[in-house]
Amino acid sequence: MKIMIKSAAIGVLALAIAAGATAQTLKVGDPAPDIKVAKWAKGKPVKGFERGQVYVVEFWATWCGPCKQSIPHLTEVAKKFKGKANVTGVSIWETEPGSTDTAYVKKVEDFVKEMGSQMDYNVAIDGVDAHMANTWMKAAGENGIPSAFIVDQNGKIAWIGHPMSGLDDVLAKVVDKKWDIAAEAEKMNKAKADEGALEEAMQKVMALAEAGNHKEAVTELDAIIAKHPTMEAQFGGLKFNLMMEAEDAGAYDYAKKLAAGPLKGNGMMLNNLAWMIVDPEAKWKTRNVDVALEIAKQSVEAQKEKDPYSLDTLAYAYFLKNDLDKAISWQEKAVKALSANVPEATQKEIKDRLEMFKKKKGGN
């Protein structure tokens, strides 16, 4: 699942769910697939799962915001369990399916070098054949990253989950041989069944949206959120987008509710929400720039003024308010925050926007 930093489109998560479940052939309790990668970018290559050794195999990508947030935590895990568990991160989904272009390999290597000691564990890069993505993630029915697998002393999958949600506790139990794989397998099977029901419900939402029945889609999505309240953070952006498409007068109040509640402190998701409002390609009948401005400020603050995407959004919101001095000031910070991890096309867009702001000010 790609988390797109700037998109007025309905959430990628929702699209992935609506597309239907991936057939699950790899489950907790099954033997772990082999490790076959294009290149090792850091650390000691893992050639096989040795008996008596515990492993963590985590999947990530350079473009994935949540992945970047989890990297320092994985470094802490690697240090905490040094000598007891081997931690390996595998970069996947870095190129389009079917592509034979290996240029992405250098991009990943550059990213790893830039992370330095923050990424202090084994790092591998999946090949153009997507062997790791297919035999691990796709086989396990996992559509989103970051995602981690724990392999126990017998070479079996002991746990699958988000590296920031329970990895440490489970890993400690696996290392101490106190982990109940059978109970976890039963729990995972139920979770997958619930996920299937959710996918079916989301397919209905997406079908209504695609048919232009946005109000009905919001009603269906509200029912899903009522049943799964903890998922409002993931589906809130989609609901806001549908409300805007339906020209719902309550859309901006809902955006403020999201920013103050489910998305509070989540810089990337706040930025997505703010950009939906100001995105010049979004043809909204009403565009409340004041709401976007406040949400963009929260996003920038949450990311400590280091994220070029959120800085760019804040600057553009000021531009729409015709506050050119602030627009230029924040856009200069956005340009300064650019790094090799930002696509060249996006870098150009951000730099061009700065020139546009300066030109507008010079013409006043």
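In H7, the residues His-214, Ala-217, Val-218, Leu-221, Asp-222, Ile-224 and Ile-225 meet Glu-232, Phe-235, Leu-238, Lys-239, Leu-242, Met-243 and Glu-245 of H8, where contact means heavy atoms within 4.5 Å. By class, this contact of H7 with H8 comprises nine nonpolar, one polar and four charged residues; Ala, Val, Leu, Ile, Met, Phe, Trp, Tyr, Cys and Pro count as nonpolar, Asp, Glu, Lys and Arg as charged, and the others, Gly among them, as polar. The model is predicted: local features need pLDDT of at least 70, side-chain atom pairs count only at pLDDT 80 or more, and totals for chains, interfaces and linings use all residues. Residues are numbered from 1 along each chain as its sequence is written, and side-chain values use heavy atoms, with hydrogens and water left out.

The axes of H7 and H8 (residues 232-245) are 9 Å apart, at an angle of about 160 degrees; axes are lines fitted to C-alpha atoms, for helices over the stretch in contact, and angles run from 0 to 180 degrees between N-to-C directions. The two helices, H7 and H8, are therefore roughly antiparallel (angles over 145 degrees; under 35 is roughly parallel, 65 to 115 roughly perpendicular and the rest oblique).

H7 (residues 214-227) also packs against H6 (residues 181-210), with axes that come within 7 Å and cross at roughly 165 degrees. That angle makes H6 roughly antiparallel to H7. On the H6 side, Leu-198, Ala-201, Met-202, Lys-204, Val-205, Leu-208 and Ala-209 meet His-214, Glu-216, Ala-217, Glu-220, Leu-221 and Ile-224 of H7. Nine nonpolar, one polar and three charged residues make up this contact of H6 with H7.

Overall, the chain has 14 helices and six strands, taken as DSSP runs numbered from the N terminus (helices H or I, at least four residues; strands E, at least two). Its C-alpha atoms fill a box of roughly 70 × 45 × 35 Å along the principal axes.

Some backbone details deserve a look too. Most residues other than glycine have a negative phi, and most peptide bonds are trans. Ile-145 and Pro-146 are joined by a cis peptide bond with omega of about 5 degrees, and Pro-146 lies in the loop between helix H4 (131-138) and strand E5 (147-151). Glu-305, which is not a glycine, has a positive phi near 60 degrees and sits in the loop between helix H11 (289-302) and helix H12 (308-320). Asn-322 likewise has a positive phi, of about 65 degrees, in the loop between H12 and helix H13 (324-336).
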